[in-house]
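Hello,

Here is the structure for you to look at. Please open it beside this message and follow along; my notes come after it.

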Amino acid sequence: LALVPLGNAAIFAGDPRQLAPIVKSSCADSREWLGLSVFYSMRDEDPYTCLLDEQSRMAPDICRVVSQAFYHGKLKVAASCQSDGSWLEEREPFPVLNLGPKNAYLVPTQFESKYSTKYGGHIRYETAELIAALVGDLVKSVDPSDILVLTPYRSQRTLLRTFLKNAGYPGVLVSTVHRAQGSERNTVIFDPVHASTSFLNNRDMGPRLMNVALSRAKARLFVIASRENLLNPVIRQIANIL
């Protein structure tokens, strides 16, 4: 969020469809006044609302997913990018494992999450193994530091870090989605793990969190989804677009 003062007026610039502020204070006033984004009062139809509808990060196929899932199809790739040879070259698809050359992948899995007392939350060993395999193929063409693995749960983040370190890829960043807001990487792998909790399966936080996760990707996006994950309406919509 940026605040630009203009005499007696002001412009608030930011993204109302991404994550709201995180307030750590237990003070009631702090939570009341800082816990909500100023954009909660914004309406799309208001004359003073202006959508900045061009982006220069995501390859067209990734932008299409994010646009249709979160921005009513209005977000598009900036025209200047589509004639920029270096921009297009960085986002050129190449084959990954047996999934073919794409910019955006839906990777189905038959495995569901389990609650782990050891890790203190939901984990999914099988997708950690899958992600290690994906990374192993990706690092042939992408620098490990330009690969970002995202998950909503700290327990799965810990498991993934262990898997990737043991596989010889400590340079790959593994993060929760909240900590990744504002960043970008060539390749993003998103593992929702367990999507039927109130953490992801609600109309406010869930879409914001998944928007942040998907829109970090510049050239390649992998969304892993199981049958349980697809019960989440946002993940199901993303899967249908992909």
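**A buried aspartate**

Aspartate 46 is buried, with a relative accessible area of 8%. The residue sits in the loop that runs between helix 1 (28-34) and strand 3 (54-55). What do the side-chain contacts of aspartate 46 join it to? Another is a polar contact of 3.0 Å with the side chain of tyrosine 48. Please keep in mind that this is a predicted model.

An open sheet of 5 strands has parallel pairing, and the strand order is 5-11-10-8-9. Which strands stand at the edges? They are strand 5 and strand 9 (173-176); each has a single partner strand, so one side of each is left without a neighbour in the sheet. From one strand to the next, the twist averages 20 degrees.

In one place to check, isoleucine 147 has threonine 187 of strand 10 as its bridge partner. Helix 4 packs on the sheet, where it touches strand 5, strand 8, strand 10 and strand 11. The direction of helix 4 makes about 155 degrees with that of strand 11.

**Two aromatic pairs**

How many aromatic pairs are there? The count comes to 2. In one of them, the ring centres of tyrosine 105 and phenylalanine 222 are 4.5 Å apart and the planes are at 5 degrees, so the pair is stacked; the cut-off for stacking is under 30 degrees. Tyrosine 105 belongs to strand 5 (residues 104-108) and phenylalanine 222 to strand 11 (residues 217-225), so the pair ties together parts that are 117 residues apart in sequence. Are these two residues buried or exposed? Tyrosine 105 is buried, at a relative accessible area of 1%, and phenylalanine 222 is buried, at 0%.

The other pair is tyrosine 125 with phenylalanine 163. Their ring centres are 6.2 Å apart and their planes are at 55 degrees, so this pair is tilted. Tyrosine 125 is in helix 4 (residues 125-138) and phenylalanine 163 is in helix 5 (residues 154-166), so to speak a link between distant parts of the chain, 38 residues apart. Tyrosine 125 is partly exposed, with a relative accessible area of 39%. Phenylalanine 163 is also partly exposed, with a value of 21%.

**The nonpolar cores**

In soluble globular proteins, nonpolar side chains tend to be buried together. Here the largest nonpolar core has 39 residues. Those with the most contacts inside this core are Phe70, Leu150, Phe190, Leu214 and Ile238. Several elements give two or more residues to the core, among them helix 2 (60-70), strand 8 (147-151), strand 10 (185-190), helix 7 (205-214) and helix 8 (233-241). Helix 2 gives the most, with 6 residues.

Leaving out residues up to four places away in sequence, leucine 214 touches Ile62, Val65, Val66, Phe70, Phe190, Leu221, Val223 and Ile238. There is also a second, separate core of 23 residues, which includes Tyr119, Leu159, Val172 and Phe222.

**Helix 7**

How many of the residues of helix 7 are buried? The number is 9 of its 10, and the helix is mostly covered. Among the buried ones are Gly206, Arg208, Asn211 and Leu214. The cover over the buried residues of helix 7 includes helix 2, strand 8, helix 6, strand 10, strand 11 and helix 8.

**Two residues with positive phi**

Histidine 72 is not a glycine, yet has a positive phi of about 55 degrees. Histidine 72 lies in the loop between helix 2 and strand 4 (76-77) and is exposed, with a relative accessible area of 62%. Valine 193, not a glycine either, has a positive phi of about 65 degrees. Its place is in the loop between strand 10 and helix 7, and at 0% relative accessibility valine 193 counts as buried.

Regards

Definitions and conventions:
Residues are numbered from 1 along each chain as its sequence is written. This is a predicted model: local features need pLDDT of at least 70, side-chain atom pairs count only at pLDDT 80 or more; totals for chains, interfaces and linings use all residues. Side-chain values use heavy atoms; hydrogens and water are left out. Rings of Phe, Tyr and Trp (its six-membered ring) pair if their centres lie within 6.5 Å; planes under 30 degrees apart count as stacked, over 60 as edge-to-face and the rest as tilted. Helices (H or I, at least four residues) and strands (E, at least two) are DSSP runs, numbered from the N terminus. Buried means under 20% relative accessible area, exposed over 50%, partly exposed in between (1.4 Å probe, protein chains only). A nonpolar core is a set of buried Ala, Val, Leu, Ile, Met, Phe, Trp, Tyr and Cys residues joined through side-chain atoms within 4.5 Å. Contact means heavy atoms within 4.5 Å. A polar contact is a pair of N or O atoms within 3.5 Å; within protein, one must be able to donate a hydrogen and the other to accept it, and residues adjacent in sequence count only if both atoms are side-chain atoms. Two strands pair if DSSP finds at least two bridges between them. Axes are lines fitted to C-alpha atoms, for helices over the stretch in contact, and angles run from 0 to 180 degrees between N-to-C directions.
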